[in-house]
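Work through the exercises below with the model open. Try each task before you read its solution.

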2 protein chains.
Amino acid sequence: MDEYIKPVITTQALRRMPYYIQQLRMLQNENIETVSAPKIAELLNLNEVQVRKDFAAVSSSKGKPKAGFSVTELITNMENLLGYNNAEEAVLVGAGSLAHAILTYEGFKTYGLKIVAAFDINSAYIGTEINGTKVISAEKISDLCRRMKVYIGIITVPASQAQIVCDQLVAGGVLAIWNFAPIRLSVPDHILVQNENLAASLAVLSKHLKEKMNYL
Amino acid sequence: MDEYIKPVITTQALRRMPYYIQQLRMLQNENIETVSAPKIAELLNLNEVQVRKDFAAVSSSKGKPKAGFSVTELITNMENLLGYNNAEEAVLVGAGSLAHAILTYEGFKTYGLKIVAAFDINSAYIGTEINGTKVISAEKISDLCRRMKVYIGIITVPASQAQIVCDQLVAGGVLAIWNFAPIRLSVPDHILVQNENLAASLAVLSKHLKEKMNYL
DNA sequence: ACAATATCAATATAAAAATACTGATAAAGT
DNA sequence: ACTTTATCAGTATTTTTATATTGATATTGT
């Protein structure tokens, strides 16, 4: 017997979802009810087929020829997929300016992430609040994560301390780490690390720019 | 006749370079002269073959069996490739907390990026300095970019204003844009856009975490 | 009712990236 | 000198991702 195989959503498709959601919300505000894959592709500078496949992978119903997909339904499906509705709690380690930026960024609420505590080793910061989030001594990382059952940790400390912090988070039962430090963390197999390395992005940018300049 | 074909460095390899550089510098500090691909692979949790290919793609000399590659030479080659030595000038638009984090981040100097001016529309910011960089009225973007021959623009404004800012940068002759706003910019073909979307990274993280949680 | 058309779905192909395999070689040990 | 071994380089395979092609179908206009 044939089983129903839920389409696998690839990592790259996942990365495109927030763009789709953003665009679809804009259409929704204009009271547009249905949209076609080619239309979205045009708006976001993507390939038409790619968009259609992404939609097919998340959509609970099929697209209709000549009309396309239901805007509202796509939004709902994507938001559910990404968990925008049931916020996950996270802790943040490091209270520097990047941490500030992250804690100040209101967008995360929408994205289903709620930062419940920030840690730092600098006693000057401890006890203060950043945008409503308390800064706590880094000694308490493991303990607090375990007690609060927090599964996401965000690391914004300097490279030299990132691995130490990472180990503490893992000891506290954290399962996923969003790492802004420019090093590759070593973690047990079952821990998920998402690296956010500005240097890496910049490398791509400046190399490509350099190639471009050679033509001038 | 056979021409020498310089190995093409793929985008993904490029993204790995900063990690290599960082690791190699650490080895250099320990006065280690040569290193093998498997060793680096182990330190960075990468595949051995992948590392060797990346090294082969940038290295000006070959690796030696049993010894590996010259640490110093690899660093030099990679730094030259990424332009860490001859800094490119860039401007930043948007003086919010993310801009603060970027302007405060000392690392960019090392990475060959020099931010020469910051722009904002908020008159409260204009005229102030952030970590030594002056904040200038956003009206002057095009003009100043053109006069200073700046080719890199960094966008940290809210999504709603990103496209406007982008157009101004392009009008000012900027060729590469580093976009932190969560939208896809539309630009002429010859303009390079590198998107840095926190929502996209978070989407990957939380989806994978959710799958993980289903097993518990 | 019928033809034209935009769009879809499914399959096929291509491109990019990661990983595996195989034989060669320089250094180290016997 | 010979053998062993770690590592390399090159080629092959696999996986992932993107794009192209083909035929089907719902809607619109005649």
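A crossing is left-handed if the near helix is turned anticlockwise from the far one by less than a right angle, and right-handed if clockwise. Helices (H or I, at least four residues) and strands (E, at least two) are DSSP runs, numbered from the N terminus. The model is predicted: local features need pLDDT of at least 70, side-chain atom pairs count only at pLDDT 80 or more, and totals for chains, interfaces and linings use all residues. Side-chain values use heavy atoms, without hydrogens and water.

**Exercise 1. The helix pair between the chains**

Task: Describe how α5(A) packs on α5(B).

Solution. Start with the geometry. Helix α5 covers residues 97–104 in chain A and residues 97–104 in chain B. The two helices pack at an angle of about 165°, and their axes lie 8 Å apart. Axes are lines fitted to C-alpha atoms, for helices over the stretch in contact, and angles run from 0 to 180 degrees between N-to-C directions. The angle therefore makes α5(A) roughly antiparallel to α5(B). (Angles under 35 degrees count as roughly parallel, over 145 as roughly antiparallel, 65 to 115 as roughly perpendicular and the rest as oblique.)

Next, take the handedness. The crossing of α5(A) with α5(B) is left-handed.

Then list the contacts, meaning heavy atoms within 4.5 Å. From α5(A) come A:Ser97, A:Leu98, A:His100, A:Ala101 and A:Thr104. They meet B:Ser97, B:Leu98, B:His100, B:Ala101 and B:Thr104 of α5(B). Sorted by type, the contact residues of α5(A) and α5(B) are four nonpolar, six polar and no charged. (Ala, Val, Leu, Ile, Met, Phe, Trp, Tyr, Cys and Pro count as nonpolar, Asp, Glu, Lys and Arg as charged, and the others, Gly among them, as polar.)

**Exercise 2. The two copies**

Solution. Two copies of a chain are related by a rotation about an axis and a shift along it. Here the turn is 180° and the shift along the axis is 0.0 Å, with an RMSD of 0.1 Å. The copies are thus related as by a two-fold rotation axis. (Superposition is by least squares on the C-alpha atoms of residues with pLDDT of at least 70 in both.) Both copies use the same surface: 100% of the contact residues of chain B recur in chain A.

**Exercise 3. The sheet**

Task: Give the strand order in chain B, then find the partners of β3(B).

Solution. Begin with the order. The open sheet of chain B has seven strands, β5-β6-β4-β3-β7-β8-β9, with mixed pairing. Its edge strands are β5 (129–130) and β9 (192–195), each pairing on one side only. Two strands pair if DSSP finds at least two bridges between them.

Now follow β3(B), residues 88–93. Six bridges join β3(B) to β4(B), residues 113–120, and the two run parallel. B:Glu88 stands opposite B:Leu113, and B:Leu92 opposite B:Ala118. Four bridges join β3(B) to β7(B), residues 152–155, again in parallel. There B:Val93 faces B:Ile155 as its opposite.

Check chain A. The open sheet of chain A also has seven strands in the order β5-β6-β4-β3-β7-β8-β9, with mixed pairing. Four bridges join β3(A) to β7(A), which run parallel. A:Val93 stands opposite A:Ile155. Helix α7(A), residues 141–148, lies across β3, β4 and β6 of chain A, at about 155° to β4(A).

**Exercise 4. A helix pair within chain A**

Task: At what angle do α1(A) and α3(A) pack, and which residues meet?

Solution. Helix α1(A) spans residues 11–29 and α3(A) residues 48–58. They pack at about 95°, with axes 11 Å apart. The two are therefore roughly perpendicular to each other. A:Ala13, A:Arg16, A:Met17 and A:Tyr20 of α1(A) meet A:Gln50, A:Val51, A:Asp54, A:Phe55 and A:Val58 of α3(A). The contact residues of α1(A) and α3(A) are six nonpolar, one polar and two charged.

Terms used. Residues are numbered from 1 along each chain as its sequence is written. Chains are lettered from A and ligands numbered from 1 in the order in which they are written.
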